[in-house]
Protein chains: 2
Amino acid sequence: MQRAALLGIKKPFTEVIRANIGDAQAMGQQPITFLRQVMALCTYPNLLDSPSFPEDAKKRARRILQACGGNSLGSYSASQGVNCIREDVAAYISRRDGVPADPDNIYLTTGASDGITTILKILVSGGGKSRTGVMIPIPQYPLYSAVISELDAIQVNYYLDEENCWALNVNELRRAMQEARNHCDPKVLCIINPGNPTGQVQSRKCIEDVIHFAWEEKLFLLADEVYQDNVYSPDCRFHSFKKVLYEMGPEYSSNVELASFHSTSKGYMGECGYRGGYMEVINLHPEIKGQLVKLLSVRLCPPVSGQAAMDIVVNPPAPGEESFEQFRREKESVLGNLATKAKLTEDLFNEVPGIHCNPLQGAMYAFPRIFIPSKAVEAAQAHKMAPDMFYCMKLLEETGICVVPGSGFGQREGTYHFRMTILPPVEKLKTVLRKVKDFHIKFLEQYA
Amino acid sequence: MQRAALLGIKKPFTEVIRANIGDAQAMGQQPITFLRQVMALCTYPNLLDSPSFPEDAKKRARRILQACGGNSLGSYSASQGVNCIREDVAAYISRRDGVPADPDNIYLTTGASDGITTILKILVSGGGKSRTGVMIPIPQYPLYSAVISELDAIQVNYYLDEENCWALNVNELRRAMQEARNHCDPKVLCIINPGNPTGQVQSRKCIEDVIHFAWEEKLFLLADEVYQDNVYSPDCRFHSFKKVLYEMGPEYSSNVELASFHSTSKGYMGECGYRGGYMEVINLHPEIKGQLVKLLSVRLCPPVSGQAAMDIVVNPPAPGEESFEQFRREKESVLGNLATKAKLTEDLFNEVPGIHCNPLQGAMYAFPRIFIPSKAVEAAQAHKMAPDMFYCMKLLEETGICVVPGSGFGQREGTYHFRMTILPPVEKLKTVLRKVKDFHIKFLEQYA
């Protein structure tokens, strides 16, 4: 807002709508009751005697507390996380993928960001002759570029195919790899599926191709799968890298190194504030594993309350349990709403001349491509801003809608985008989309 | 336990007593009721209608929730932390020190470890000609050495004076500084007060000397004050670096850069699992502050539940409030117990021939010096272990008592120590001390 104020324009809106961050509950999404009941019981075990809490929630809480030091969320857990929660995560993965998962390979984390940062730190610090290259999609979630830069590694960009609904093309991986080999040692390949900011859901075939490529090139695969529950297109399904890896047979499943990430923050729970997450690591070299354990133990442990939240994400009420019906209703309501808003956003953006928006197959963002006239590009340069930053600042100034310019995520030279969440309630989202439309048309006229 | 098993000795005990980690609730300390009540109310706001929760707890919970996005602990907070909690921290510091504190200088963190790691990362990445030196006490809490090594900075040891109850002598700081100047650029001075693992409480005079030294040498002061509520010796008082800095006058208070740290994990609350903490930074260079904000924003935010716990640590029930009496009783019971155990531990250790233990003025550890006969030193070498590691492994093997060898913290060459918490309940602690005594006497005989 400070930079906006610098532009010296009056503010013709009454409310700032923060469509810039994937924070569902901040936009009014209600927590899943069961999760909060279990968390309250764990927090204040006196409530275990209260008749106002369902028995299945009490059962979950007792199980978690029994695995905590002193039966309390206030004790440190093992650095890797509470045992029974890691077991629940492994059981969840086994159910999801139909292939076994080992609790020993599960590490609970302080949100997915923490897991990604930690594993990248270890993979990059190998200390070879040339610097380590880390391949990331463009557009990407900026955690990746920030961590790579912090670690003094080399960011190797591969471009997602906007014309093909942001698909990942393995030939583009090859191109990026070959170029990178001239100046660094590419060791890690990061994938975000479903995509952030791009919202695509990778096909099974594409995941196979990527795994084969990683196997060929001996790359460590890093699969950011925090949006695994956020799939809206009826033609799309989430396939985990772990599952596909195992289904490709032992040559792959016993050789390709993989870390995959999940979180309490997204899905239908939207519990960002608890900073819960896990990573599963497969085929980790024993030496790397040793370093990982050492690094984690210095950091003591992830927040135990976030671990407990993660437990409920992977172990929600099952059919037949007392809380199941309410849980099912709440879950379907959140996901149904998101699916409606995904379609609505795509449709309304595509009605606007000069905006093109790929289908929002998953995740919780639109990443429309916007046409910025050359006069606006010049005006932006005069303000020493990227053109899409200039656009987003004007949008904020004139409508109060806060979105993130595409340049924050990376995009093909000469193209412009912004990322907008689909998290505002339906009616508010309609208002947002109408305001963006009016703004965009006015913007095109102004800089024609 | 695995290494112990390698020694191939049978285990003549029925229980492992983990006196190796400062985890109060894991050793049976009960949470402070008020803190957990507020946390439960924040977690599951339906409880705000329940008559079984006191009004002052509800008031606190409402205040916290109103400051959270969507009135929920499940939303991200600002990276620096929830505004009203930073205000409460600032108010606490002002009350504690009698000098003003600015909420803008408060950063909520994922425990103190996270704050220390973050600020060190920024201070070390200055990028001068020679590598950055970070002065740390020996013995130290191993987070410091680990982070310094991770950041590729230089660890500059200054030795605490065991003969003088682990006091910090400014002449020793000077010596360490002069030596370090030959091979690095010392920029940061870390102090742990009350001391971990050493349990001393710094005198006001000593703090003044240290501040004057930092002012002279333009060092960034890093004051780890997580044990500020854990002072047991009637002759000792906790003085914060911030307070002394301000009382020394504007020449100091407007120039010396200081970051101080506090946590939910220690004190009388002992809420380790929530990973709550804060740091206050004074006189931070605007450029450094900019880097700090950038680094924090990549990490999203500290767990909001931990932030809420921190709020109660700094803003407990006040006299006249409904919950005050119970809170006062619980607090006094925890701290009274710790004081009893501190004295008991000192006294019983000093009855053992070959063990010398300084007074446990504060914190929650004993760090006794142990005599290890030369035959035992040789035996340790044969096992490729540090002598005190050998001692601690034998202690574990023979008694089930788990303590940490002094070599993990650093100690003067040729001296040996271990760190033991005073957290087991009184009767169990007596048993522990008796067992250590018997073990030590036997050990001396065995290796005479």
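A residue counts as buried when its relative accessible area is under 20%. In this predicted model, B:His417 has a relative accessibility of 1%, and it is therefore classed as buried. The residue lies in the loop of chain B that runs between strand S13 (404–405) and strand S14 (418–421).

The side chain of B:Gln411 is in polar contact with that of B:His417 at 2.8 Å, and the side chain of B:Glu162 makes a polar contact with B:His417 at 2.9 Å. Leaving aside residues up to four places away in sequence, B:His417 also touches others, including B:Trp166, B:Phe367, B:Pro368, B:Arg369 and B:Asp388.

Turning to the interface, chain A and chain B contribute 49 residues each to their contact. About 3,600 Å² is buried between the two chains, with carbon and sulfur atoms giving 57% of this area. On the side of chain B, B:Thr43, B:Tyr44 and B:Tyr76 supply 18% of the area buried against chain A, more than any other three residues.

Polar links also cross this interface. There are 25 residue pairs in polar contact and 2 salt bridges; one salt bridge joins the side chains of A:Lys121 and B:Glu150, at 2.8 Å from N to O. Elements of chain B that give two or more residues to the side touching chain A include helix H2 (33–43), helix H5 (111–124) and helix H6 (143–150). Of these, H2(B) provides the largest share, with 7 residues. By residue class, the chain B side comprises 24 nonpolar, 17 polar and 8 charged residues.

Note on methods
Residues numbered from 1 in each chain as written. Chains lettered and ligands numbered in written order. Predicted model: local features only at pLDDT ≥ 70, side-chain atom pairs only at ≥ 80, totals over all residues. Heavy atoms only, no water. Helix = DSSP H or I, 4+ residues; strand = E, 2+ residues; numbered from the N terminus. Buried < 20%, exposed > 50% of the residue type's maximum accessible area, 1.4 Å probe, protein only. Polar contact = N/O pair within 3.5 Å; in protein donor to acceptor, adjacent residues only side chain to side chain. Contact = heavy atoms within 4.5 Å. Buried area = accessible area lost by both parts, 1.4 Å probe. Salt bridge = Lys/Arg side-chain N within 4 Å of Asp/Glu carboxyl O. Nonpolar A, V, L, I, M, F, W, Y, C, P; charged D, E, K, R; others polar.
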